[in-house]
Amino acid sequence: MEMETTSQFKALDERYVMPAFSRDMAIVKGEGSIVWDAEGKQYIDCVAGIAVCSTGHCHPAVVKAICDQAHQLIHCSNLYYVPHQGDLAKKLVEITGLHKAFFSNSGAEATDGALKLARVRTGRKKFVAFTHGFHGRTVGSLAVTHKPAIREPFEPLGMVKTFVEYGDLDALKKVVDNDTAGVIFEPIQGEAGVIIPPDSFIKGIREICDDTGALMIADEVQTGMGRTGTWLAMQHTKVMPDIVTLAKGIASGFPMGALVAREDLEFKKSEHGSTFAGGPLACAAALATIGVIEKILPDVARKGERFGRGLAALNPRVRGLMIGMTIGDKCLDVQKKCASQGVLVNCAADGNLRLVPPLVITEAEIDYVVGVINGALG
Ligand SMILES: *Cc1c(COP(=O)(O)O)cnc(C)c1O
């Protein structure tokens with residue numbers, strides 16, 4: 001097969017794909033923390049599909065699990081028991097400390113599921129979410145996503161919700177009442193640029209939910225699955241939410257999401273469903289992913305600290321391998337300079353540089369990345 005060049009990708013994209021994304025690179029191959037573009041240039045990937053390729057690109061255990069399952073059964077429907085689904089649900093229950101799981105195909109769908117579960121089990125309609133929070137772009141999840149530029153053109157979205165300043169417990173207390181179905185929040189805000197709140201904020205949300213009967217919904221789509229050095233970012237705070245959503249890093253890039261909820265919070269017959277969700281390939285990929293993460297999880301905090309020391313001049317916000325730095329207007333310029341030096345980084349909101357590399361990144365790779373970023377800013 002003849003390889004496409006970047007300009008060939010670009011020509012087809014411009015002619016046939018709706019221009020919702022801004023992009024100028026074509027990535028055609030990956031291995032570990034390294035990716036190659038269409039011209040064969042090599043990069044250390046600190047974007048990792050936006051915190052998705054947790055085990056690195058094409059980890060052999062994940063590739064094998066997908067291929068083995070593909071030879072057996074690619075799809076069968078949730079009308080039947082699905083290979084690997086029960087094993088995966090058991091794993092998710094064990095690593096979250098919650099009770100039962102429900103699968104989805106994406107983070108946004110996991111949010112939608114969590115909102116539906118909260119509504120149907122509490123019988124309440126209202127939600128509270130936070131400024132700069134991101135929970136997805138479906139009609140349901142977008143309703144609780146704050147960013148006015150991406151949400152407001154689509155209002156009215158069918159969800160009664162209020163936004164409260166992230167970190168402001170007094171404001172939260174004022175709006176959560178006995179009609180509130182749930183409070184949805186990211187334990188660390190990802191799209192906002194890696195914003196780490198004090199533990200007291202998370203504990204305060206728990207107390208307000210306990211006082212009112214609102215459900216505490218932790219969106220761990222980005223922070224979960226070992227990203228911050230523990231299976232859940234919530235585990236740094238010792239606070240147990242009522243519902244956790246997962247996606248990005250769960251299956252190393254195979255599309256999958258899940259929500260896991262405490263006892264007494266489950267969908268009953270016909271209350272929710274999905275054709276593809278929790279399919280055999282996705283579950284096989286997720287189980288293999290978890291097997292790999294189990295082995296490397298103890299190293300994640302140390303790797304994050306190595307980034308933190310190397311980038312100390314930039315005052316990085318570091319929790320495991322979720323790292324943010326406020327760079328300002330130069331952010332896109334820095335992103336470009338890093339790419340030219342063989343390092344992929346990503347500008348999240350408000351001039352915040354975000355690093356979410358594969359959890360398998362090596363110390364030598366970290367040192368190279370740190371040098372390139374410091375150089376790009378120097
Ligand atoms: C990415 C993200 C989502 C949405 O996930 P998709 O798979 O893109 O639908 C939801 N919540 C958080 C915190 C995210 O980072």
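Hi everyone, and thanks for coming. Two notes on method before the tour. Residues are numbered from 1 along each chain as its sequence is written, and side-chain values use heavy atoms, with hydrogens and water left out. Because this is a predicted model, local features need pLDDT of at least 70 and side-chain atom pairs count only at pLDDT 80 or more, while totals for chains, interfaces and linings use all residues.

Let's start with the aromatics. How many aromatic pairs does a search of the whole structure find? The search finds 4. Here rings of Phe, Tyr and Trp (its six-membered ring) pair if their centres lie within 6.5 Å; planes under 30 degrees apart count as stacked, over 60 as edge-to-face and the rest as tilted. Take Phe102 and Phe267: their ring centres are 5.3 Å apart and their planes stand at 70°, so this pair is edge-to-face. Phe102 belongs to strand β4 (residues 100-104) and Phe267 to the loop between β10 (257-261) and α10 (280-310), so the pair ties together parts that are 165 residues apart in sequence. The element names come from DSSP runs, numbered from the N terminus: helices are H or I with at least four residues, strands are E with at least two.

Phe102 counts as partly exposed at 22% relative accessibility, whereas Phe267 is buried, with a relative accessible area of 16%.

Another pair is Tyr166 with Phe201, whose ring centres are 5.1 Å apart with planes at 75°, so this one is edge-to-face too. Tyr166 sits in the loop between β6 (160-164) and α8 (169-175) and Phe201 in helix α9 (residues 199-212), so to speak distant parts of the chain, 35 residues apart. Tyr166 counts as buried at 12% relative accessibility, and Phe201 is buried with a relative accessible area of 1%. Together with Phe130, Tyr166 and Phe201 form one aromatic cluster.

On to the helices. Two packed helices are described by the angle between their axes and the distance between the axes. Axes are lines fitted to C-alpha atoms, for helices over the stretch in contact, and angles run from 0 to 180 degrees between N-to-C directions. Helix α3 (residues 60-72) and α10 have axes that come within 8 Å and cross at roughly 155°. That makes α3 roughly antiparallel to α10, on a scale where angles under 35 degrees count as roughly parallel, over 145 as roughly antiparallel, 65 to 115 as roughly perpendicular and the rest as oblique. The crossing of α3 and α10 is right-handed; a crossing is left-handed if the near helix is turned anticlockwise from the far one by less than a right angle, and right-handed if clockwise. Among the residues that meet here are Ala61, Ala65 and Ile66 in α3 and Leu281, Ala284 and Ala288 in α10.

Helix α4 (residues 85-96) also packs on α10: the axes come within 9 Å and cross at roughly 35°, and the crossing is left-handed. Leu88 and Leu92 are among the α4 residues in this packing, with Leu287 and Ile290 among those in α10.

Leu98 is buried, at a relative accessible area of 7%.

Finally, some backbone details. The peptide bond from Glu155 to Pro156 is cis, with omega near 5°, and Pro156 lies in the loop between α7 (148-151) and β6. Ala51, in helix α2 (residues 48-51), has phi near 65°, a positive value in a residue other than glycine.

Key:
Buried means under 20% relative accessible area, exposed over 50%, partly exposed in between (1.4 Å probe, protein chains only). Contact means heavy atoms within 4.5 Å.
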